[in-house]
Each structure stands twice: as structure tokens, then as C-alpha cells.
Amino acid sequence: MNSAKIFLAAFLVNNIILMRFIGLCPFFGVSTAVSTSIGMSAAVLFVMLLASWVSYVLYHALLLPLGLVFLRTAVFILVIAALVQFVEMFLKKYVKNLYSAMGIYLPLITTNCAILAVTFFNINYKFNLLQATLFALGTAAGFALAIILFAAIRERLEDAPISPAFKGYPIAFIGAALVSLAFMGFTALFGIS
Amino acid sequence: MNNGPKPSRLSYLTSGIVKENPTLILMIGLCPTLATTVTARDGLGMALAASFVLVCSNVVVSAIRKIVPDSVRIPIFIIIISTFVTIIDYVMQAYQPDLYRVLGVFVPLIVVNCIILGRAEAFAYHHGIIDSFLDGLGKSIGFALVLFIMGTLREFFGSGTFFGKAVLPAAYRAQPMLFAIFPPGAFFLIGLLKALVNKTALGKRSQ
């Protein structure tokens, strides 16, 4: 499968939030303002790339040769949790600007299922390292696109007259349904399954 | 330290079903609720897998709560949860291959389901084994109920069937409302369900 196709499929056609329903907690949790969505997206991009690389190396250099594939769930989640802690400490000490921009989002990322899902997809689709990198980039970009678009919609919903029963989550869900409907237009293009 | 009357054991079981329903009231564990409810069978299968993990992890966390050092409790919870996820992963692969193929990556993703880690941290770590078992069971029933309702409604409108059996006339099944089984339909339906819950809650408050 060629590289551009993997990126675009992960970005639009198989959009991780709107088509695959992974990573919904931050999608609804932090999408109340455009600025917080951008911070969250940056943190996701960063950790997703690192997690793809680390999990790829661990899986192919350690788990596969030793016949320990059944441990992958436990290993990946622990590696991601440790990685997030490490990144947080590193940024706090050496890259102050970046830390102040996305520091508060980093602890939330451990429980972000999008990160863990990407490491599993990389294995299920039998990607090589380059393909896995592109897939992680595309997925993170798709996450950013969906969450930032949606945050812009929610900022406007704040001022809209909505019946009390639909205030908050219900109208957000229905807004997400409409954004998702728009993304369905890409389905016929190409996808990975 | 014990202020007020001790809540009865039964309330641990029942509170998770409606009053503290994980998906519709606490709004956690949304990913499987939307992704694995294309049919009633998929929804129920997912709910059973997650319930197994939730009940078992609650019991084990509660059993070892006195020997777990406070500072490393979260990694220990994660290892316990991922052990049970691995068990159910392999059991489903062996005995329910069709269901496993449909649920796909969502079976290993049970490990990051916020309901399970949330209950381990908020309840099982501070309560006895029987109470934790009942709490896990109650939350599981609440979760399963929502998945079953979503799955049934989406299958009914999206393919005109119920557990694979035809319930609507053939003319409808030839051209069903596909919107319901596509991703937008899932968002739309849970929006309507949550609005219904809000409306009931608002009605109760105004009385």
C-alpha cells in the first residue's frame, strides 16, 4: 500500500474519532474551546508518534522473537503510561515553552484510547516502520481536524437557544453526528480495512 | 469516621443500573457504546466481555488492597485489568471468532475503558470483596443495558432485524434506514437517549 494512501486514509476516510469511535473522551471533554483543542491535538501528535515507534521496536525486537505476543496489551499500556510520564518530566525540565502549552493535557493522554489503538492497528495491518509513522501522523492529524472543527461548532452552540433537555451533551452528540455525516462523504474514496 | 447510615449492600448493586449509569449519567466508556452497537448481538457481546473484566478486576483489586503500596497502585491496577483483558481476548478468539472479528480492536481496548479503572480506584480499593463484586456487577448491568438498547434500536432501524431475525417486512429490509448503522446514526441516537435522560431528570427536579 503506498504511503500517501495510508496517510490520507488515516486522516479522512478512517478518521479515528468520527468513523472509528476511538478517543471520544477527549473529543467531548476538551472540545469546549478551540485553544484547548489545539493544545490537546499537539500533545496527541507528539505521544502518538513516540508510542508507535516504541511499541513497534518492542513488538518486533522483543515480543515476537520471544513468543510473548500474548503480553502485548499489558506491555503497550504500561509503556505508554511510562512514556507519558517521561515526556512530561523531560519537557518540564528542558523545554519550558512546550510544557506550558501542552503540559496539562499530557496526564490525560495515558487513558486516551486513540494512542493504544494506533499501536494495535500498526500490528494488525502489518505496517513497517515508515508506514507505521505515516499512519500515526495521519491519525493524529485526523484527530486534530475533528476536534478543532468540533470545538468551533461548540463555541457557537454556547449562544444558540437550545431546549433545556438538549443542552450540553445531547446537542454535542447531534453536532458530532452531522460532522460525522460530512466525513462519510470520503468513504467511497479509499480506505484501509 | 463512619458518618450517616451505612448504605445497604443492595444499593451498591442497584445504583449502577440507573442512578449512576456509567454511560448515560457519568458519560464514560463512550467508545464501545457507539462503536460496537451495530447489532444487538455485538452490543451484548461487548458488554459481556467488559463486564467480565470489570467484575474480576474489582474483586482482585479489593482482595489485594491492603498489601498494595499507595504510590504504585495505578500501574498495579492496570496490570490486573490487562491480565483479564488478555484472557477474554483469547477466549473470544477461540470460541466466538465471528464476534471477535466484528469487535476487532475494541476487545484489547477494554483495558483503557475508563469505567473499569475508575471503579478500581474509586470503589474497589476502599471496599470489601463482596461489596466490590456487587458494585462491579451493578455497573456492568447498567453498561450492558445501554449497549443493548443502542444495539437493538440501530439493528431495528438499520437492518429491520432483531438478533438476526427479520421483524420488519421484506420491503423495508430491502432498503433500510442505513443511517442508523453508520457512524453518524450512533452519535445521533446517543444524543437522543441522553436528551431523554435529561428530560426525565429535569421533570423530577421541577416537581
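Predicted model: local features only at pLDDT ≥ 70, side-chain atom pairs only at ≥ 80, totals over all residues.
View 1. Chain B has a mean pLDDT of 88, with 96% of its residues at 70 or more. Within chain B, the lowest confidence falls in helix 1 (residues 9-15), where the mean is 84, whereas helix 3 (residues 40-63) of chain B has the highest, at 94. For the complex, the predictor reports an ipTM of 0.85 together with a pTM of 0.88.

**View 2. Helix 3 of chain B, its span and its burial.**

**View 3. The side of chain B that touches chain A.** Here 32 residues of chain B are in contact with 32 residues of chain A. Helix 2 (30-35), helix 4 (73-95) and helix 9 (183-206) of chain B are the elements that each give two or more residues to this side, and the largest share, 11 residues, is that of helix 9 of chain B. Sorted by class, the side of chain B that touches chain A comprises 24 nonpolar, 5 polar and 3 charged residues.

**View 4. Helix 4 of chain A and its buried residues.** Helix 4 of chain A, residues 72-94, contains 23 residues and reaches 32 Å from its first C-alpha to its last, close to the 33 Å expected at 1.5 Å a residue. Its buried residues are A:Arg72, A:Thr73, A:Phe76, A:Ile77, A:Ile80, A:Val84, A:Val87 and A:Leu91. In an α-helix there are 3.6 residues a turn, so residues three or four places apart point the same way.

Definitions and conventions: Residues numbered from 1 in each chain as written. Chains lettered and ligands numbered in written order. Contact = placed C-beta atoms within 7 Å. Helix = DSSP H or I, 4+ residues; strand = E, 2+ residues; numbered from the N terminus. Nonpolar A, V, L, I, M, F, W, Y, C, P; charged D, E, K, R; others polar. Expected span 1.5 Å × (residues − 1). Buried ≥ 20, exposed ≤ 12 C-beta atoms within 10 Å, placed from the backbone. pLDDT = per-residue confidence, 0-100.
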